[in-house]
Amino acid sequence: MKLLVLGATGATGRLVVDQALAAGHTVRALVRSPRKLDARPGLEVVAGQATDAGDVTQAMTGVGAVVSTLGATGGTVITDATRAVISGATTTGVTRFVELSSFAVLRERLSAPAKLMSSTAMGAMVKDKAAAEDALRASDLDYTLVHAVRLTNGPATGVTKLLPGSATLRMGDTISRADVAAWMLTALNDTTTSRRSVVIAG
C-alpha cells in the first residue's frame with residue numbers, strides 16, 4: 001500500500017516510516033523540512049504543511065491511507081491537520097486514516113495523579129487533540145484513533161495490549177514508540193478498528 005505519513009520527522013513518525021518501508025509499503029512523507037529525512041527506496045518526501053488543506057490534499061492524491069503521528073505542545077496544529085485530512089478525503093476519496101492521539105485526552109479514565117500531571121504539563125496539547133478527535137468523529141472518514149499510554153524510546157517488544165474501556169490509565173503505563181508504530185500499521189488493514197478509538201499499552 002502507498003501511505004501518506006504526517007509527522008514523519010518526529011520520534012514515532014520516523015519509526016512508522018522505517019517499519020512501513022520494511023513491510024513493503026511505499027511512503028509519501030509530507031514534511032516542513034525535507035532535509036530531515038534521508039532519501040531511501042520507497043520513500044517520497046514532499047515539502048509542505050500538514051495544517052494546510054491544499055498541501056495535504058495534494059499529498060493524499062494517489063495514496064491508499066493516511067497515518068498521522070503529529071505532535072504539538074500548543075496551538076491548533078493537530079486540529080488543523082485533522083481538518084485538512086478530512087477536507088482532502090472529499091477531493092481524493094482517500095478515507096482510511098489512522099491517527100495517534102494521547103491517553104491524556106481521556107480525562108475521565110485517568111488516575112488522579114495522571115489527571116493532575118497531564119492537566120499541568122499537557123493542557124494545551126490535550127485541548128488540541130480533543131478538538132481534533134471531535135472533528136474526526138463528526139466526519140465520514142474510516143478512522144482509527146490510537147490513544148497510546150506514555151511513550152518510551154525503548155525497543156519493539158512485539159507485545160501490544162488493547163486496554164478495556166474500564167481500565168484506569170496511569171502515568172506508569174508505558175508503550176514503546178516502536179510498538180505504537182507497528183500497531184498503527186497493522187490497524188490500517190484491520191476492519192475491527194474502523195471508526196473506533198482504542199487505548200494501547202505495552
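Biologist: Hi! How do H1 and H6 lie to each other: parallel, perpendicular or oblique?

Modeller: Hello! This is a predicted model, and in it H1 and H6 are oblique to each other. Helix H1 covers residues 11-22 and helix H6 covers residues 177-187; they pack at an angle of about 55°.

Biologist: Why give an angle for that, and what is the other number I need?

Modeller: Two packed helices are described by the angle between their axes and the distance between the axes. For H1 and H6, the axes are 8 Å apart. Their crossing is right-handed.

Biologist: Nice. Which residues make the contact?

Modeller: From H1 you have Ala11, Thr12, Leu15, Val16, Gln19 and Ala20. H6 brings Arg177, Ala178, Val180, Ala181, Ala182 and Leu185. By type, that contact of H1 with H6 has nine nonpolar residues, two polar and one charged.

Biologist: Switching to the sheet, how many strands does it have, and in what order?

Modeller: The sheet is open and has eight strands, ordered S3-S2-S1-S4-S5-S6-S10-S8, with mixed pairing. Strands S3 (43-47) and S8 (161-162) are at the edges, each pairing on one side only.

Biologist: What does H1 touch there?

Modeller: H1 packs on the sheet and touches S1, S2, S3, S4 and S5. The direction of H1 makes about 170° with that of S1.

Biologist: And S6 and S10, do they run parallel or antiparallel?

Modeller: Parallel: S6 (residues 142-148) and S10 (residues 196-201) are joined by five bridges. If you want a spot to look for, His147 stands opposite Val199 in S10.

Biologist: Where is Thr193, then?

Modeller: Thr193 sits in the loop between H6 and S10.

Biologist: Is Thr193 buried or exposed?

Modeller: Buried, because its relative accessibility is 2% and the cut-off for buried is under 20%.

Biologist: What is Thr193 in contact with?

Modeller: Setting aside neighbours within four places in sequence, Thr193 is in contact with Arg96, Tyr143, Thr144, Trp183 and Ala187.

Biologist: One more pair: at what angle do H2 and H3 pack?

Modeller: Helix H2 (residues 53-60) and helix H3 (residues 77-92) pack at about 50°, with axes 8 Å apart. That angle makes H2 oblique to H3, and the crossing of these two helices is right-handed.

Biologist: Which residues of H2 and H3 are in that contact?

Modeller: H2 uses Ala53, Val56, Thr57 and Met60, while H3 uses Ala84, Val85, Ser87, Gly88, Ala89, Thr91 and Thr92. The contact of H2 with H3 divides into six nonpolar residues, five polar and no charged.

Terms used
Residues numbered from 1 in each chain as written. Predicted model: local features only at pLDDT ≥ 70, side-chain atom pairs only at ≥ 80, totals over all residues. Heavy atoms only, no water. Axes fitted to C-alpha atoms, helices over the stretch in contact; angles between N-to-C directions. Helix = DSSP H or I, 4+ residues; strand = E, 2+ residues; numbered from the N terminus. Parallel < 35°, antiparallel > 145°, perpendicular 65-115°, else oblique. Left-handed = near helix turned anticlockwise from the far one by under 90°. Contact = heavy atoms within 4.5 Å. Nonpolar A, V, L, I, M, F, W, Y, C, P; charged D, E, K, R; others polar. Pairing = 2+ DSSP bridges. Buried < 20%, exposed > 50% of the residue type's maximum accessible area, 1.4 Å probe, protein only.
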